[in-house]
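Here is a short briefing for a reader new to this structure. Look over the sequence and the model, then read on.

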Amino acid sequence: MSSVLEKLIKSGHLKPLDPTPLPKNPSPNFKPNLYCAYHQGVGHHTDSCFRLRHAI
């Protein structure tokens, strides 16, 4: 997913989402040590981003 996102951004077909602040009450699945390039923030890895998968 990371490499696909990179290619789609370079080709102009997709752009990352605007960054959002950290949630006040994060879910149990929230992982502050993982970064998502599509969301431009922490919480999960780009390769496991459901929203990115849906966008693609």
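Leaving aside neighbours within four places in sequence, His39 is in contact (heavy atoms within 4.5 Å) with Leu17, Asp18, Pro19, His44, Cys49 and Arg51. The model is predicted: local features need pLDDT of at least 70, side-chain atom pairs count only at pLDDT 80 or more, and totals for chains, interfaces and linings use all residues. Residues are numbered from 1 along each chain as its sequence is written, and side-chain values use heavy atoms, with hydrogens and water left out.

**Overall layout**

- The protein chain has two helices and two strands. Helices (H or I, at least four residues) and strands (E, at least two) are DSSP runs, numbered from the N terminus.
- From the N terminus on, the order of elements is α-β-β-α.
- Along the principal axes, the C-alpha atoms fill a box of roughly 35 × 20 × 20 Å.
- The protein chain has 56 residues, and 20% of them count as buried. Buried means under 20% relative accessible area, exposed means over 50%, and partly exposed is in between (1.4 Å probe, protein chains only).
- Take the contacts in the protein chain with a separation of 6 or more: residues 24 or more positions apart account for 30% of them.

**His39 and its loop**

- His39 sits in the loop between strand E1 (31-36) and strand E2 (41-43).
- The side chains of His39 and His44 are joined by a polar contact of 3.3 Å. Such a contact is a pair of N or O atoms within 3.5 Å; within protein, one must be able to donate a hydrogen and the other to accept it, and residues adjacent in sequence count only if both atoms are side-chain atoms.
- Gln40 also lies in the loop between E1 and E2. Gln40 is not a glycine, yet has a positive phi of about 55 degrees.
- Gln40 counts as partly exposed because its relative accessibility is 33%.

**The largest pocket**

- Which residues lie nearest the centre of the largest pocket? They are Phe30, His39, Val42, Gly43 and His44, out of 18 lining residues.
- A pocket is found on a 1 Å grid over the protein atoms alone, as an open set of points where a 1.4 Å probe fits, with protein on both sides within 12 Å along at least five of seven lines; lining residues have an atom within 4 Å of a point.
- E1 and E2 each supply at least two residues of the lining.

**The nonpolar core**

- The largest nonpolar core has seven residues: Leu5, Leu14, Leu17, Cys36, Tyr38, Cys49 and Leu52. A nonpolar core is a set of buried Ala, Val, Leu, Ile, Met, Phe, Trp, Tyr and Cys residues joined through side-chain atoms within 4.5 Å.
- Beyond four places in sequence, Leu14 is in contact with Leu5, Leu8, Ile9, Tyr38, Leu52 and Ala55.

- Leu8 is found in helix H1 (residues 2-11). Leu8 counts as partly exposed because its relative accessibility is 22%.
- Not counting residues up to four places away in sequence, Leu8 touches His13, Leu14 and Ile56.
- Leu8 and Ile56 are 48 residues apart in sequence, and their C-alpha atoms are 8.8 Å apart in space.
- Asn29 has its place in the loop between H1 and E1. Asn29 is exposed, with a relative accessible area of 61%.
- Asn29 and Gly43 are 14 residues apart along the chain, with 7.8 Å between their C-alpha atoms.
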